[in-house]
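Below is a colleague's note for someone meeting this structure for the first time. Please read it with the model open beside the text.

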Amino acid sequence: MKVAVSAMRPGLNSLVDHRFAKCRYILFVDSDTMEFEPLENPHLMGLGASGAQLAQLVASKGAQALLTGHIGPNTRQVLSTARIDVFANVSGTVREAVESYNRGALVPSPPVSGEMSAGTSPEITAEPSEPAPYRTAVSYTHLRAHETS
C-alpha cells in the first residue's frame with residue numbers, strides 16, 4: 001500500500017515533520033517493501049491553501065494513507081474527499097511511523113466537524129431541544145413611530 005509521510009529529510013530515517021502543509025518533504029512509501037520516493041514540497045513557500053494543494057498532490061500520487069503531525073481542517077477535508085486515511089500526531093522516524101502503521105498501532109484521525117467517513121451516516125446523540133421562544137428583532141416603539149408619521 002502506498003503511504004505518504006510528511007518528513008524533514010528525504011529518507012526513511014528522517015523524522016516525521018509535524019507540519020503537513022509546511023513540511024520539507026513528502027515520502028511516498030510502499031508499506032510492504034519500504035521502497036520510497038521522496039518529493040520536495042513544491043508548496044512550501046506558498047501563501048494560503050498550501051496544505052490543500054499538497055493534499056491534492058498526495059492524492060494524485062495514489063497514496064491511500066497519510067502519516068503526519070498536524071493537519072488543518074481544510075486539508076483534512078480534501079484528503080477525505082480523495083478517500084485518503086489520515087493519521088495525525090505521528091512522531092518518530094518515517095520508518096518507525098510506517099512500521100507502526102503496518103502493525104495497526106496508529107489510530108485514524110477523527111473527521112472534521114460535519115464530515116462523515118465513507119459508508120457512515122450521521123448519528124443523533126441528543127434529544128431534540130425545545131424550540132427557542134419567538135423573538136422579534138424589531139422594536140415595537142420603532143414601528144409605532146413610523147405609523148404616526
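The numbered points that follow go from the basis of the model to its salt bridges, strands, cores, helix and rings.

1. Basis of the model. This is a predicted model, in which local features need pLDDT of at least 70 and side-chain atom pairs count only at pLDDT 80 or more, while totals for chains, interfaces and linings use all residues. Residues are numbered from 1 along each chain as its sequence is written, and side-chain values use heavy atoms, with hydrogens and water left out.

2. Salt bridges and aspartate 17. With a salt bridge taken as a side-chain nitrogen of Lys or Arg within 4 Å of a carboxyl oxygen of Asp or Glu, the count comes to 2. One of them joins the side chains of aspartate 17 and arginine 19, at 3.1 Å from N to O. Aspartate 17 is found in the loop between β1 and β2, where helices (H or I, at least four residues) and strands (E, at least two) are DSSP runs numbered from the N terminus. Aspartate 17 is buried at 0% relative accessibility, whereas arginine 19 is partly exposed at 38%; buried means under 20% relative accessible area, exposed over 50%, and partly exposed in between (1.4 Å probe, protein chains only). The side chain of aspartate 17 also reaches the backbone nitrogen of arginine 19 at 3.0 Å. Leaving aside neighbours within four places in sequence, aspartate 17 is in contact with Ser6, Ala7, Met8, Lys22, Cys23, Arg24, Thr68 and Gly69, contact meaning heavy atoms within 4.5 Å.

3. The other salt bridge. Glutamate 37 forms a salt bridge with lysine 61, and the closest N and O atoms are 3.0 Å apart. Glutamate 37 belongs to strand β3 (residues 36-40) and lysine 61 to the loop between α1 (50-60) and β4 (65-67), so the pair ties together parts that are 24 residues apart in sequence. Both ends are partly exposed, glutamate 37 with a relative accessible area of 34% and lysine 61 at 28%.

4. Strand β2 (residues 25-30) and β3 run antiparallel and are joined by 5 bridges; two strands pair if DSSP finds at least two bridges between them. Valine 29 has phenylalanine 36 as its bridge partner in β3. The hairpin has 5 residues between the strands, and methionine 34 takes a positive phi there, near 65°. Serine 31 lies in the loop between these strands and is buried, with a relative accessible area of 6%. Beyond its neighbours within four places in sequence, serine 31 is in contact with Met1, Val3, Val98, Tyr101 and Asn102.

5. Nonpolar cores. A nonpolar core is a set of buried Ala, Val, Leu, Ile, Met, Phe, Trp, Tyr and Cys residues joined through side-chain atoms within 4.5 Å. The largest has 17 residues, and those with the most contacts inside it are Val5, Val29, Leu67, Val94 and Val98. At least two residues of this core come from each of β1 (2-7), β2, β4 and α3 (94-103), and α3 gives the most, with 4 residues. Apart from this core lies another, of 15 residues, among them Leu54, Ala63, Leu66 and Ile71. As for valine 94, not counting residues up to four places away in sequence, it touches Val5, Ala7, Gly11, Leu12, Ser14, Val16, Leu27 and Val29.

6. Helix α1 and what surrounds it. Which residues of α1 are buried? They are Ser50, Gly51, Ala52, Leu54, Ala55 and Val58, and the buried residues of this helix pack against β1, β2 and α2 (73-81). After α1 comes glycine 62, whose phi is positive, near 85°. Histidine 43 has its place in the loop between β3 and α1, and its contacts, leaving aside neighbours within four places in sequence, are Ala21, Lys22, Ser50, Gln53 and Leu54.

7. The aromatic pair. Rings of Phe, Tyr and Trp (its six-membered ring) pair if their centres lie within 6.5 Å, and planes under 30 degrees apart count as stacked, over 60 as edge-to-face and the rest as tilted. A search of the whole structure finds 1 aromatic pair. The rings of phenylalanine 87 and tyrosine 101 have centres 5.4 Å apart and planes at 80°, so the pair is edge-to-face. This pair links distant parts of the chain, with phenylalanine 87 in strand β5 (residues 85-87) and tyrosine 101 in helix α3, 14 residues apart. Phenylalanine 87 is buried at 7% relative accessibility, and tyrosine 101 is buried with a relative accessible area of 16%.

Conventions. A polar contact is a pair of N or O atoms within 3.5 Å; within protein, one must be able to donate a hydrogen and the other to accept it, and residues adjacent in sequence count only if both atoms are side-chain atoms.
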